[in-house]
Amino acid sequence: MILNYWKISLVTICLLFWNCSNIEVTVEDSSADFAETDFIEIDSTSVDSSTTDSLDTDITKTDSRTIEDMLLVNATSKAVILGTNDPMALESEFPQMRVVLNYDFMMDRHETICSEFISIMKKFGPRNSFANNYKCKNDSLPIVDVTYYDAVLFANAKSKSFAATKNKDSTSKNIEMEEVYDYTQAVMDEDGHCTNLTGFVFHPEKKGFRLPTETEWVKTASLNWNVKNSWNNGNSEYNVHKVCTKNTNDSSFCDLAGNVMEWVYDWLGKFKDTTVTNYVGAPDGGEFGERIVKGGSFNSDAESINMYSRGDVYT
């Protein structure tokens, strides 16, 4: 049951696009300690996401499969570490769990900027969305004050937008696009924010824009994680900043640490000391309907920004 939802001024959107078909997904089963799953071994040269070094070989900027402003993450057979073994961590962050991905994916290089969000939602989003009357303070600032379901609706709207305009772009005209999320009704509040999607279903087998899973976010963030080069409360003057002003290298991701937090797809679930294939979180949010946000913000202490923190928010 959904008890509450949050519009958080420090949370934004960073979209992902499947780069393969026929994904097999493993989820945690709330009725057992852990779901039946595939346990697989990978060789010692595979990437462990606990590293903070730049792994340029795992990022492809130009490829026949890439989309403008997205980077291809070469994740097939790579290991990702979720959680931590730090005894001071929250219960939901403990212990470390090893996840292996069997696919590559593309992800936005930076957080969704205000101008893109408003433009796409006005044309392809719900008619009663807050985007229809929203004024950007600056086009290059990340969009903020979005609910989880606002982010989902934007993902679907961007898939519609891409499908409608792809023939104009020779670099992406051969990429087919579908809406990844299905629902029967969008429930909006008086301000035009989506508070729930009845009949909400995620279709991982479809190719389209969507929120990254926590595993995909951690894999991507690990490629050039650098909190010292982030917008945090030590240098931000407690304001959001234009995207990529701390990292101008257009061949790497930026602002996954600091500036504003990002929604990921997953319901909040417990980890287990094991190996899982293509983990996508718990099957539901439990009693409190908790989702996950990642990355810290301009309001965070630099020392508190890390890849294993999962936020504490409700849809």
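Student: What makes the span of helix H2 close to the expected one?

Tutor: Helix H2 (residues 148–165) has 18 residues and reaches 26 Å from its first C-alpha to its last, close to the 26 Å expected at 1.5 Å a residue. The expected span is 1.5 Å times one less than the number of residues. Helices (H or I, at least four residues) and strands (E, at least two) are DSSP runs, numbered from the N terminus. The model is predicted: local features need pLDDT of at least 70 and side-chain atom pairs pLDDT 80 or more, whereas totals for chains, interfaces and linings use all residues. Residues are numbered from 1 along each chain as its sequence is written, and side-chain values use heavy atoms, without hydrogens and water.

Student: Why is H2 called largely enclosed by the rest of the structure?

Tutor: Buried means under 20% relative accessible area, exposed over 50%, and partly exposed in between (1.4 Å probe, protein chains only). Of the 18 residues of H2, 14 are buried, so H2 is largely enclosed.

Student: Why is phenylalanine 17 counted as buried?

Tutor: Phenylalanine 17 has 2% relative accessibility, and the limit for buried is under 20%; therefore phenylalanine 17 counts as buried. This residue lies in strand E2 (residues 16–18).

Student: What makes a set of residues a nonpolar core?

Tutor: A nonpolar core is a set of buried Ala, Val, Leu, Ile, Met, Phe, Trp, Tyr and Cys residues joined through side-chain atoms within 4.5 Å. The largest such core has 40 residues, and Ile13, Ile67, Phe117, Tyr181, Phe209 and Leu211 have the most contacts inside it. The largest share of this core, 9 residues, comes from H2. A second, separate core of 30 residues includes Cys14, Leu101, Met107 and Ile305.

Student: Which residues does phenylalanine 117 contact, leaving aside its neighbours within four places in sequence?

Tutor: With contact defined as heavy atoms within 4.5 Å, the partners of phenylalanine 117 are Ile13, Thr112, Phe130, Ala131, Ile143, Val146, Asp150 and Phe154.

Student: How do you know that cysteine 114 and cysteine 136 form a disulfide?

Tutor: A disulfide is a pair of cysteine sulfur atoms within 2.5 Å. The sulfur atoms of cysteine 114 and cysteine 136 are 2.0 Å apart, and this pair forms a disulfide. The torsion about its S-S bond is about -90 degrees, so the disulfide is left-handed. Cysteine 114 is buried, with a relative accessible area of 3%, whereas cysteine 136, at 24%, is partly exposed.

Student: What makes cysteine 244 and cysteine 254 a disulfide?

Tutor: Their sulfur atoms are 1.8 Å apart, and the rule asks for a distance within 2.5 Å. Both cysteine 244 and cysteine 254 are buried. By this rule the count comes to 2 disulfides.

Student: Why is one side of E5 and of E14 left without a neighbour in the sheet?

Tutor: The sheet is open, with 3 strands in the order E5-E6-E14 and mixed pairing. Strand E5 (79–82) and strand E14 (275–277) stand at the edges, each with a single partner strand, so one side of each has no neighbour in the sheet.

Student: How do you know that E5 and E6 pair?

Tutor: Two strands pair if DSSP finds at least two bridges between them. E5 and strand E6 (residues 97–100) pair in the antiparallel sense over 4 bridges. Valine 80 stands opposite valine 99 in E6.
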